[in-house]
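Biologist: Could you show me how to read contacts, burial and helix packing off a model? I'd like the general idea and then the case at hand.

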Amino acid sequence: MPKFSFDLHMHSCLSPCGGEDNTPNNLAGMCALAGLDIVALTDHNAVGNCGAFCRAAERYGLLALPGMELTSAEEVHIVCLFPGLAEAERFGALVRDRLPPIKNKRDIYGPQILMDEDDNVLGEEDLFYAGATTVSAYEAAALAAACGGLAYPAHIDRPSFSLLANLGLWDPDMGFPLAEASRNCPTDLFDRPDLKGVPHVTACDAHYLDQIPDAHQYMELPERTPQAALDWLRRGCR
Ligand SMILES: [Zn+2]
Ligand SMILES: [Zn+2]
């Protein structure tokens with residue numbers, strides 16, 4: 001079966017903490033240069049640049065999944081991935097309704113820029129997207145699944161905004177089929193009793209273009225389609 005390199009967690013200029021050079025087209029171009037085959041855009045609580053990123057990635061011969069990095073009510077970051085734009089936008093609308101009505105302070109947090117695939121600025125989001133939603137970590141997997149997608153906790157080894165830091169342990173009742181760890185995650189983390197046997201991937205979580213690493217992890221798929229990639233993750237990276 002063919003093997004495809006992947007990285008499924010990165011941010012565009014729609015994330016207030018994302019670099020302004022992280023335009024959808026720049027990001028897709030850097031992913032192609034890095035030798036990645038399957039990528040995903042996961043801005044904080046927002047999907048507004050996913051269409052532009054997916055179209056730009058297609059021009060570079062990549063498969064891009066539309067996604068989001070959800071901030072749960074417990075301030076746990078959760079990667080959510082979808083088979084298509086319609087599904088991602090449905091999820092995006094649900095999450096938007098679960099954000100507090102706080103405006104972004106662009107001078108403090110940075111701008112939230114919407115772009116097309118040719119890097120034309122389409123506007124700015126003024127609702128502050130990077131804060132906590134009211135979606136519980138126990139609700140996230142079911143909410144993503146209801147929109148045809150998949151959710152799993154991001155960078156679980158990090159000291160902040162992570163499942164282990166904020167909730168203390170991996171609880172199978174959350175329904176996550178896998179975990180994401182940082183690339184420099186200690187190798188013995190998954191020897192912990194609660195994490196034994198939990199499938200995991202790594203991700204760059206790039207907020208700047210120079211944080212996209214060269215291809216280093218692969219999924220074996222019968223075909224390079226969004227559904228095949230999501231099914232591989234759902235099966236626990238098999
Ligand atoms: Zn995060
Ligand atoms: Zn992130």
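Biologist: Let's start with Met174: which residues is Met174 in contact with, leaving aside its neighbours within four places in sequence?

Modeller: Two residues are in contact if their C-beta atoms, placed from the backbone, lie within 7 Å. On that basis Met174 is in contact with Ala137, Tyr138 and Ala141, once neighbours within four places in sequence are set aside. Met174 itself is found in the loop between helix H6 (163–167) and strand S8 (179–181). Helices (H or I, at least four residues) and strands (E, at least two) are DSSP runs, numbered from the N terminus. Bear in mind that this is a predicted model, in which local features need pLDDT of at least 70, side-chain atom pairs count only at pLDDT 80 or more, and totals for chains, interfaces and linings use all residues. Residues are numbered from 1 along each chain as its sequence is written, and chains are lettered from A and ligands numbered from 1 in the order in which they are written.

Biologist: Is Met174 buried or exposed?

Modeller: The general idea is a neighbour count: a residue is buried if 20 or more other C-beta atoms lie within 10 Å of its own, exposed if 12 or fewer, and partly exposed in between, with C-beta atoms placed from the backbone. Met174 has 21 other C-beta atoms within 10 Å, so it is buried. As for distance, the C-alpha atoms of Met174 and Ser136 are separated by 9.6 Å, and the two residues are 38 apart along the chain.

Biologist: What about Arg235: buried or exposed?

Modeller: Arg235 has 11 C-beta neighbours inside 10 Å, so it counts as exposed. Look for Arg235 in the segment after helix H7 (226–234).

Biologist: Let's turn to helix packing. How do I read that?

Modeller: Two packed helices are described by the angle between their axes and the distance between the axes. Axes are lines fitted to C-alpha atoms, for helices over the stretch in contact, and angles run from 0 to 180 degrees between N-to-C directions. Here H1 and H2 pack at an angle of about 40°, with their axes 8 Å apart. That makes H1 oblique to H2, since angles under 35 degrees count as roughly parallel, over 145 as roughly antiparallel, 65 to 115 as roughly perpendicular and the rest as oblique.

Biologist: Which residues meet in H1 and H2?

Modeller: From H1 come Pro24, Asn25, Leu27, Ala28 and Cys31, and they meet Ala52, Phe53, Ala56 and Ala57 in H2. The buried residues of H1 (residues 24–33) are Pro24, Asn25, Leu27, Ala28, Met30 and Cys31. Those buried residues pack against strand S2 (38–44), helix H2 (50–59), strand S3 (63–71) and strand S5 (113–115).

Biologist: Which residue takes a positive phi just after H1?

Modeller: That's Gly35, with a phi of about 85°. Asn45 has a positive phi too, about 55°, although it is not a glycine. Asn45 is in the loop between S2 and H2, and with 25 other C-beta atoms within 10 Å it is buried. Asp205, not a glycine either, has a positive phi of about 50°. Its place is in the loop between strand S9 (200–202) and strand S10 (218–220), and Asp205 is buried, with 20 other C-beta atoms within 10 Å.

Biologist: How many helices and strands does the protein have?

Modeller: Seven helices and 10 strands. Buried residues make up 46% of the 238 residues.
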